[in-house]
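Please open the model in your viewer and keep the selection panel handy. We will go from one stop to the next, with a short note on what to look for at each.

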Amino acid sequence: MAYLAHLWLYFLLVFGVILLPGMDMTYVLANALTGGRRVGFAALAGIVTGAIFFMAGVVLGVSALLRLYPTAFRFLLLAGAAYIAWIGFNIFRGSSALHLHPGAAIRSPAQAFRQGVVNNLLNANAYLFTLAAIPQFLRPDYGPLWMQGTVLWGIGALCQVIVYGSVALLAAKVRAKLATDPGAASRIARVVGVMLMLVAVCVAVGGWRSG
């Protein structure tokens, strides 16, 4: 019972954090709006896959590395923000070529997946949360650390699928409703591109000041 209560506490913590808008949620939203449901879910799959490396890194001692070299966090944060800003700029720049009819997407599902993995690996806030929270839930008396890490990753992945999956579905429905509007494609792409760039700037500035 103690272990189950331990896992429920982690679930509530992670679910609450994932509900907060951030770079990962914005990335899934952007892909679902510009590419449809398949591309949105591909982006989600990439983010969930990237989270595996967070868990492995904590279990293997990445937290110790960042304690020894605290400036590494700032460089990671800036790299992640720059990557998201770059994606947003490309979406904004290609807005005139974006179409909303079925099968037309600003990027393929495979591209969305790959960029989702990279986006997650460069998400400094995700590293910060992982490094701060995960060690609190790894207990030697609950079994091998790698097994505990796998369970915690599974809980996080479930939360991401629930929250980001809902975001992708809703965004895809909005996209479908706007498909009959000839100018909707350009407007959506421009809004999404600007949104991604603004999120990147806010994350970079806020993280740098608090770092």
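## Stop one: Asn-119

Select Asn-119 and, setting aside its neighbours within four places in sequence, you will find it in contact (heavy atoms within 4.5 Å) with Met-23, Asp-24, Tyr-27, Ile-47, Tyr-83 and Ile-84. Asn-119 sits in helix α6, residues 109–121. Is Asn-119 buried or exposed? With a relative accessible area of 1%, Asn-119 is buried; buried means under 20% relative accessible area, exposed over 50% and partly exposed in between, with a 1.4 Å probe and protein chains only.

A word on what you are viewing: this is a predicted model, in which local features need pLDDT of at least 70 and side-chain atom pairs count only at pLDDT 80 or more, while totals for chains, interfaces and linings use all residues. Residues are numbered from 1 along each chain as its sequence is written, and side-chain values use heavy atoms, with hydrogens and water left out.

## Stop two: the whole chain

Now switch to a cartoon of the chain: it has nine helices and zero strands. These are DSSP runs numbered from the N terminus (helices H or I, at least four residues; strands E, at least two). Of the 211 residues, 45% count as buried. Among contacts with a separation of 6 or more, 86% join residues 24 or more positions apart.

## Stop three: the largest pocket

Next, select Val-17, Ile-18, Asp-24, Ala-126 and Tyr-164, which lie nearest the centre of the largest pocket among its 28 lining residues. A pocket here is an open set of points on a 1 Å grid over the protein atoms alone, where a 1.4 Å probe fits, with protein on both sides within 12 Å along at least five of seven lines; lining residues have an atom within 4 Å of a point. The volume of the largest pocket is about 550 Å³.

By class, the lining has 19 nonpolar, eight polar and one charged residues.

## Last stop: confidence

Finally, colour by pLDDT, the predictor's confidence in each residue from 0 to 100. The chain has a mean of 77, and 77% of its residues reach 70 or more. Helix α8 (residues 145–177) has the highest confidence, at a mean of 89, whereas helix α4 (residues 62–68) has the lowest, at 61. Then select residues 96–105, where the pLDDT is below 50; beyond near neighbours in sequence, this stretch has 20 contacts in the model.

Conventions: Points joined across faces, edges and corners; volume = space filled by probe spheres on them. Nonpolar A, V, L, I, M, F, W, Y, C, P; charged D, E, K, R; others polar.
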